[in-house]
Amino acid sequence: MPADHSLLIKNGILLDPLNGYTQTVQDIGINDGRIVSIDNEIFEETAATVIDASGVIITPGLIDLHVHVWDGVAHLGIPADPNCVGKGVTTAFDAGSAGADTYPGFQKYVIDVSATRIKSFLHISSQGQLAQKIGELTDLRYADVGRAIQTCETFKDSIVGIKIRMSDGIVGENGKEGLKRALEVCEATGLPLMIHPNASPISFSGMMDDLRAGDIVTHCFHRSDTGILESDGTLHPAATKALDKGIHFDVGHGAGSFSFEVAEKAMRQGFIPGTISSDLHKYNLDGPVYSLLETVSKFIYLGLSLESALEKVTAAPARAMGMLGEIGALRKGAVADLTLIRIQEGPAEFKDALGAERTGDLRLEHVSTIRAGRVYAPGVFG
């Protein structure tokens, strides 16, 4: 007689306040890649495989809204599975590594063959992020609206938004026109825009005026003069206006886009990011980012509760991308994407993207990942 559950997780500490789990000890039964049972007691005899998760926190599979995983092509790219599923992230959103010229390869050689669920923001530049020293929008011929729209339609199951980087060295003199074209693609496709606003030739308020409800500002705690803080450290009025308009602010830590000082000043003024993401890529993989869980740990140091910090890498990004319920949730019928975490107490040293150091009281440690019902232990990808 076949087992009722292909996998049973016993005695885990469930953490998903949205679905009523606030560090509640329960069992989770999984079959055919979905959660089929959550109960106080599910008997081991019903399962083909049993995991004892005593003392371990179980959350919905972590969601990273900003990564770069076009390995071997985009200059930022890293292998997806060792750095996503292998570190607790079940769903990753690539933030513009590929454009219309390179997206077919990205789909074939990364998205289609990865254990990690990968969705993507298509770069408005058709070359994507191929070269570090050549700005992807310094030549406007790459910002082909028609080709971007066509690519979104061809790969509509994996492309969930448009990406533009607005830094001066990346857009040159084409910032205003590049943003206009990116928004044209968004209007034609109904997709949101993710904007990287650092050191832009366009003012912060100018960029915010052009964005629409549902658009995403990543790198929200960067330190350049086109960020959420005025020169005196007060919150920019345009940031409050953007929040009121329904614009979503995301962390996007990265190699140069997260400042403890900016985050501390902003959060003291009531500015809390909508989502926490890593912007994990080749230049920060070995520090200061390391992983999404490391970034979450920094925000617990900054004052977010464990529940609030983890909500910003589970339900919040799922909701922002219109996927809540299918992912980002511990509930019957949802995809069996789960992340198992242990709290490592004691002094935890953290660095921001500028080298500033802080010492926290704890760090979140990855125990294992379950992606669509399959278990991935740390190091499984080498």
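Q: What must DSSP find for two strands to pair?
A: Two strands pair if DSSP finds at least two bridges between them. This model is predicted. Take strand 14 and strand 15 (residues 374-376): they pair in the antiparallel sense over 3 bridges.

Q: Which residue in the turn between strand 14 and strand 15 has a positive phi?
A: A372 does, at about 55°. The hairpin leaves 2 residues between its strands.

Q: How many bridges pair strand 13 with strand 14?
A: There are 12, linking residues 338-351 to residues 357-371 in the antiparallel sense. T369 of strand 14 also stands opposite T339.

Q: Through what do the strands of a sheet pair?
A: Through backbone hydrogen bonds, parallel or antiparallel. Now turn to the other sheet arrangement. Seven strands, in the order 6-7-8-9-10-11-12, form an open sheet with parallel pairing.

Q: Which are its edge strands?
A: Strand 6 (62-67) and strand 12 (248-249), as each pairs on one side only. Strand 12 is joined to strand 11 (residues 216-217) by 2 bridges. Across that pairing, V217 stands opposite F249.

Q: How do I read a helix: which residues of helix 8 are buried?
A: Buried means under 20% relative accessible area. In helix 8 (residues 260-268), F260, V262, A263, E264, A266 and M267 are buried. Their cover includes helix 9, strand 13 and strand 14. At the start, a side-chain oxygen of S259 comes within 3.2 Å of the backbone nitrogen of E261. Just after the helix, G270 takes a positive phi of about 90°.

Q: E264 has 18% relative accessibility: buried or exposed?
A: Buried, because 18% is under the 20% cut-off. E264 also forms a salt bridge with R358, with the closest N and O atoms 2.8 Å apart. R358 is in strand 14 and E264 in helix 8, so the pair ties together parts 94 residues apart in sequence.

Q: Which side chain meets R371 in a salt bridge?
A: That of D337, at 3.2 Å from N to O. D337 lies in the loop between helix 11 and strand 13, and R371 in strand 14, so this pair ties together parts 34 residues apart in sequence. Both R371 and D337 are buried. Another bridge joins E357 to K351, at 3.8 Å between the closest N and O atoms. K351 is partly exposed, with a relative accessible area of 45%. The whole structure has 19 salt bridges. K10, D27 and E41 are linked in a network of them.

Q: Where is S297, and what does it touch?
A: S297 is in helix 9 (residues 292-301). At 1% relative accessibility, S297 is buried. A polar atom of its side chain lies 2.9 Å from the backbone oxygen of L293. Beyond four places in sequence, S297 contacts F350, L362, R363 and L364.

Q: Where is A334 found?
A: In the loop between helix 11 (315-320) and strand 13. Its relative accessible area is 0%, so A334 is buried. Beyond four places in sequence, A334 touches R34, I35, G325, E326 and A329.

Methods. Residues numbered from 1 in each chain as written. Predicted model: local features only at pLDDT ≥ 70, side-chain atom pairs only at ≥ 80, totals over all residues. Heavy atoms only, no water. Helix = DSSP H or I, 4+ residues; strand = E, 2+ residues; numbered from the N terminus. Buried < 20%, exposed > 50% of the residue type's maximum accessible area, 1.4 Å probe, protein only. Contact = heavy atoms within 4.5 Å. Polar contact = N/O pair within 3.5 Å; in protein donor to acceptor, adjacent residues only side chain to side chain. Salt bridge = Lys/Arg side-chain N within 4 Å of Asp/Glu carboxyl O.
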